[in-house]
Each structure stands twice: as C-alpha cells, then as structure tokens.
Amino acid sequence: KVKTAGVIWKMAASNFQRLHQSIHLKQKQRIISFLANHPDFQETLSEGDMDSLAKVLTAQEFGTNDQILRPGESAEWMFLLESGEAALSRLGDESVEIPVGSTIGGLGVAFLTPGDVKASNYGRHADWAVTALEGGATCLALGCNGLDVLSPSCIKALRAAAVRTALERSTDFYMKLTEVQKGKLVQCLTGDPVEIPAGHRLIAG
C-alpha cells in the first residue's frame, strides 16, 4: 500500500547494466590512480597487479565520528585511507591523526595465510579504535577472502604498507632513518632477504 504519492522511474535492464559497469569502471580507475601514487605500490606493482588489486578493493565512506575499526574487532578487513581525516586512539590516551595513504588494520590481514582464511582463523585487532574526523573519510577496504586472488607481489606490497604504517605510528626511531634504511628495515620485517655488503652498517648509532 502506497502511503505517500511519488514517481517511479522504469529503466531497461540493459541500461541499468551499462550504468552499473560505467560506475564500477570509474571507481576502479580511481583506485588504480591512488595505488599508482602510493609509495608502497607505485614502484613494486605492475599494471596487471594494480588492476587485480583494484578489483578486490571497495570504497567505503565514513561520516564524522563513524568508527572505521573497533577495539578487539575480528581481523577480517584492512583499509587504506584514501581521503579525508581519521584518528587512532586508545582508552585513556590522546588520539593520533592518521595521514592519507596509511593502512588501518593491515597487520591483522596482510599476514594471513590461505590456510588461515580457509579455516576462518582470524586474529583480533589491538585495543585501539580508528574514527573518522570532521568531514568524514573514504577508505579502500580489502576483505581477507580477497587475498586468495592476489599475486605474491600484491601480498608483498600490502605487507610492506602495513609494516611501514605500524613503524611510523609506534616509534620515533624509524622516522630518523634515511629512506634507504627505512626500505631495508621494512624488507626485513616482511620476511624478504636483505643483502648488506660486508662492513656496511645498516643503522649507525
């Protein structure tokens, strides 16, 4: 039963499909542009890898004060902050603003194995929350099931992004390193072998 008078628009199925495909293509192009300008993806991923990653990332909008990640939440999703502003906070601590390009919940997802995903063996995010600030935020979301279709290069880049974000948040020491030293440290922590010439000091005290 209609309670309020209105207008119903009819659209042919073929037109709806074309509109849906057009919107999807524009979103994918936007995501690829973001990845191509992100330091952890622009030099490590091929065009094919970026296309594959863009297919499993979905844009999610968060309004002012919406929680992007909740304390203790199951680690089934990771996010890349595409635009807007967000802050990380722990109970009793001051909040810390998160820069655009940062991962949110990355460590909990990027290091899952296919066996973990198949067995639903997810961890829990730490005891902190991430909240969208004034004006909201847009994030690119990746569910852990999306890891199954990604190449090793994509997984490696996601892990590097997650590790780099964690280091930037947790220690002043990392920010004092040169770009080369930062890269070597991220390589070590993501499990990649790092070649260091004999007698060379990676980090000087």
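Threonine 165 is buried, with a relative accessible area of 5%. Bear in mind that this is a predicted model.

Me: Why is threonine 165 called buried?
Reply: The cut-off for buried is under 20% relative accessible area. Threonine 165 comes out at 5%, so it counts as buried.

Me: Where does threonine 165 lie, and which residues is it in contact with beyond its neighbours within four places in sequence?
Reply: Threonine 165 lies in helix α5. Leaving those neighbours aside, its contacts are Ser102 and Thr103.

Me: What makes a set of residues a nonpolar core?
Reply: The members have to be buried residues from a list that includes Ala, Val, Leu, Ile and Phe, and they have to be joined through side-chain atoms within 4.5 Å. In this chain the largest such core has 24 residues, and Leu35, Phe41, Leu53, Leu147, Leu150 and Leu158 touch the most other members.

Me: Which elements supply at least two residues of this core?
Reply: That would be α1 (13-36), α2 (47-56), β3 (77-90), α3 (106-110), β6 (128-143) and α5 (152-170). The largest share, 5 residues, comes from α5.

Me: What about a second core?
Reply: There is a separate one of 15 residues, and Ile68, Leu69, Leu81 and Ala86 are among them.

Me: Which residues is leucine 147 in contact with, leaving aside its neighbours within four places in sequence?
Reply: Leucine 147 is in contact with Val109, Leu112, Leu142, Ile155 and Leu158. Contact here means heavy atoms within 4.5 Å, so each of these residues has to meet that cut-off.

Me: How do α5 and helix α7 pack?
Reply: α5 and α7 (residues 179-189) pack at an angle of about 115°, and their axes are 9 Å apart. α5 passes α7 in a right-handed crossing. On the α5 side, the contact is made by Ala160, Val163, Arg164 and Leu167, and on the α7 side by Lys182, Leu185, Val186 and Leu189.

Me: How do you know which classes that contact holds?
Reply: Ala, Val and Leu count as nonpolar, whereas Lys and Arg count as charged. By class, the contact of α5 with α7 has 6 nonpolar, no polar and 2 charged residues.

Me: How many helices and strands does the protein chain come to?
Reply: The chain has 7 helices and 6 strands. From the N terminus on, they run α-α-β-β-β-β-β-α-α-β-α-α-α.

Me: What share of the protein chain is buried?
Reply: Of its 205 residues, 37% are buried.

Key. Residues numbered from 1 in each chain as written. Predicted model: local features only at pLDDT ≥ 70, side-chain atom pairs only at ≥ 80, totals over all residues. Heavy atoms only, no water. Buried < 20%, exposed > 50% of the residue type's maximum accessible area, 1.4 Å probe, protein only. Axes fitted to C-alpha atoms, helices over the stretch in contact; angles between N-to-C directions. Left-handed = near helix turned anticlockwise from the far one by under 90°.
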